[in-house]
Amino acid sequence: MEMKVRSPGSATIINAIATGFGSAFGIGLDIECVAKTTSEGIACTNDVGADNTLMEICAEKVFKHYDIDKNEFGVDLKTKSSLPMASGLSSSSASSNAVVKVVSSMISEEFNLKPLEDLEVINMAIDASLDAGVTITGSFDDATASYFGGVVVTDNRNREFIIKEKMDEYPILVYMPDYYSKSGDSDPERMKLLAPLVETAFDFACQKEYFKALNLNGLLYSATLGFDSTIAIDALEVGAIASGLSGTGSSFVAIASQDSIDDIKYSWNKYQGKVIETKVDNKGCRLL
């Protein structure tokens, strides 16, 4: 048997590290995971040379949930990504969602068992990410924006939604510098100093003023994490609707109008790195 799942990344509106409350939206860059049944064991490979520990933990959790013996049934997992790793675009959430979704779908069909519900997939993927040390808060905002698409505003500590809705499919530009920043390596105590100011940005998100929230959040976290906020301001100056740091970096995102795409690209060409063009994703994680 073979199954394939596609899982998008997400971009940050509010980084949850300072307060435990976050907001994110799905983007068109994604990870595809192909799963094939084998006689035994769990085998994982990816096309970007990343460590396979997270994939393995995700698959192990699904096997344990269904009480499947790896000596009697196995799965071979391969991921292919258009989503840059360690860039603040929820690659870990996209990967863990994809693996849990495809392995649980395969096992439930193979053994005629009850498929996992959406939030069961998400929570299992989050638990695996925490076990693997690739997230600080559990990233319920990133995980749900990836899984459902659209925009979410969340209470990450309690894994609860405040808002979950579709988002207009704006063009999105991503500036990727020539270096990476892993979420698990960030200093949460330093970021928590921002809490009173991030709460103001979060209030904007709760009022569905997502662009104001994204702009303010990006300026705050850029200052604290040592990123150059001029990158976002350059995009705003030439017509971006909103722009800011995504996650804990290193990427910046800009929400664009059709008329401003070329100007934003031009304004970012002076920086070392590359610019990727995509759009808001409302489809989320799904079997292909």
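1. First, the ground rules. This is a predicted model, so to speak a computed one throughout: local features need pLDDT of at least 70, side-chain atom pairs count only at pLDDT 80 or more, and totals for chains, interfaces and linings use all residues. Residues are numbered from 1 along each chain as its sequence is written, and side-chain values use heavy atoms, with hydrogens and water left out.

2. How many aromatic pairs are there? The count comes to 9, where rings of Phe, Tyr and Trp (its six-membered ring) pair if their centres lie within 6.5 Å, and planes under 30 degrees apart are stacked, over 60 edge-to-face and the rest tilted. One of them joins tyrosine 147 and phenylalanine 148: with centres 5.1 Å apart and planes at 80 degrees, the pair is edge-to-face. Tyrosine 147 is buried at 4% relative accessible area, and phenylalanine 148 is buried too, at 18% (buried means under 20%, exposed over 50%, partly exposed in between, with a 1.4 Å probe and protein chains only).

3. Tyrosine 175 and tryptophan 268 make a tilted pair, 6.0 Å centre to centre with 50 degrees between the planes. Tyrosine 175 belongs to strand β7 (residues 171-176) and tryptophan 268 to helix α9 (residues 261-268), so this pair ties together parts 93 residues apart in sequence. Helices (H or I, at least four residues) and strands (E, at least two) are DSSP runs, numbered from the N terminus. Both tyrosine 175 and tryptophan 268 are buried.

4. Do look at the cluster that ring pairs build from Phe140, Tyr147, Phe148 and Phe161. Lysine 164 has its charged end over the ring of phenylalanine 148, 4.4 Å from the centre, and also lies over the face of phenylalanine 161, at 5.8 Å. The rule here is NZ of Lys or CZ of Arg within 6 Å of the ring centre and within 35 degrees of the ring normal.

5. On cysteines, the structure holds 0 disulfides (a pair of cysteine sulfur atoms within 2.5 Å). For cysteine 44, the nearest cysteine sulfur is that of cysteine 33, 7.8 Å away; cysteine 44 is buried at 10%. The sulfur of cysteine 285 is 9.6 Å from its closest partner, again in cysteine 33, too far for a bond.

6. Finally, helix α7 (residues 210-225) has 16 residues and reaches 22 Å between its first and last C-alpha, close to the expected 22 Å (1.5 Å times one less than the number of residues). Its buried residues include Tyr210, Leu214 and Tyr221. Glycine 226 follows α7, with a positive phi near 85 degrees.
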